[in-house]
Amino acid sequence: MKLRSVAELEPRDKRVFVRVDWNVTLGKALQVVDDTRIRRTKKTILDLVERGAKRVILGSHLGKAEEGRSIRPVVEYAEGVIGEKIEFCGASSSCKGIEGKIVMLENLRLNPGEDNNGEGYVEELVRQADCYVNEAFGVSHRRAASVVGIAKKLPSYAGYNLIEEVERLQTSIDDPERPLVIIMGGAKVEDKLKILELMSQKADKLLLGGKLANEYQQKGLVLGGKAEVLLPVEGDDILDIGERTREIYAREIRQAKTIIWNGPMGMVEDKEYKAGTHAIYEALMENEPAEVVVGGGDTLAAIRDEKHLERIDWISTGGGAMLKLIEKGTLPGLEVLKR
Ligand code: ADP
Ligand code: MG
């Protein structure tokens, strides 16, 4: 898929709206738990500033609309990561009256127009900018105002990380070195069950864990693909995969040439149920030569303290978006950026 790159944009003296995905996990004290998604936007933001953009307007969502959270704590943290002052606008639709080279809107989802791509809201966003950059892979599967609506109205481009995400994921799924082992877990069962069928066609082995594996077994599902489906041997009502399953999965992982992993193997927020996910990670580390792609907000949060994360070939900043891209081959937010 060929996308228009931010490199082709001439930002001098222009106001550039950059949709970022700073929907990061926050801890109890509202501290940022994992800043991968912020770091991955740095190149695009600094590049625009260096090439003379008049103003960079950042916009992101944080959590679900109904949670009504302010993104202010994330903005303060992000200044340290980006290394530039970021003025917080306090409103989700306009930075009017706020000075600064880099400014950031309040959580876009505080405006109902964001999620339903409302015309009025799109207009408000469009009014502030001369061009648009999508650097928010993790939300590119949503038809939101700041993802699809604004991109249709302004000259629009893909950020550096977005382009790389799409290329890496497409290669590992379309032309993988085999055996391809896909590991799926987590709790977003409805979304994930839908993609299992396709995964079973692409993969050689499909290793299931988490709540996903429980429901798969309880529903008595059968997949049509050629992949061998492996399930936890400890049953269909477990909070983590057990010793025996860890061994079986590790053996498969060690033999793989390509590995795609989304979703924790257990209820990882509770230390007691983290061992299965840790074991999967250890097995990945033992298979240096394999191409390893990992994605999913909770998956990344679960492994963030592990050693040698740099050995993972590609860490995707999107969970749902990664799965949708694999399933559909494209995303609404990418379609509007196609050459
Ligand atoms: P990701 O964000 O990596 O795509 P999900 O959002 O689908 O992953 O799922 C992550 C959540 O799944 C975690 O909050 C974890 O506690 C939960 N989970 C995983 N396995 C189980 C289980 N067996 N029972 C209950 N919750 C589980
Ligand atoms: Mg999640």
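**Group meeting: the sheet and the cysteines**

Let's start with one residue pair: I57 sits opposite V103, and V103 belongs to β4. Keep in mind that this is a predicted model.

Now the whole sheet. It is open and has six strands. Read across, the order is β3-β4-β2-β1-β5-β6. The pairing is parallel. Which strands are at the edges? They are β3, residues 87-88, and β6, residues 156-158. Each of these pairs on one side only.

One helix to point out here. Helix α7, residues 160-174, packs on the sheet. It touches β5, residues 131-135, and also β6. The direction of α7 makes about 45° with that of β5.

On to the cysteines. How many disulfides are there? The count comes to one. The partners are C89 and C95. Their sulfur atoms lie 1.8 Å apart, and the cut-off for a disulfide is 2.5 Å. What is the handedness of the link? It is right-handed, with 90° about the S-S bond. Are C89 and C95 buried or exposed? Both are buried.

That leaves C131 to discuss. C131 is in no disulfide. The nearest cysteine sulfur is that of C95, and it is 15 Å away. Why does C131 count as buried? Because its relative accessibility is 1%, and buried means under 20%.

To recap: a six-stranded open sheet with parallel pairing, helix α7 packed on it, and one disulfide, formed by C89 and C95.

Terms used:
Residues numbered from 1 in each chain as written. Chains lettered and ligands numbered in written order. Predicted model: local features only at pLDDT ≥ 70, side-chain atom pairs only at ≥ 80, totals over all residues. Heavy atoms only, no water. Pairing = 2+ DSSP bridges. Helix = DSSP H or I, 4+ residues; strand = E, 2+ residues; numbered from the N terminus. Contact = heavy atoms within 4.5 Å. Axes fitted to C-alpha atoms, helices over the stretch in contact; angles between N-to-C directions. Buried < 20%, exposed > 50% of the residue type's maximum accessible area, 1.4 Å probe, protein only.
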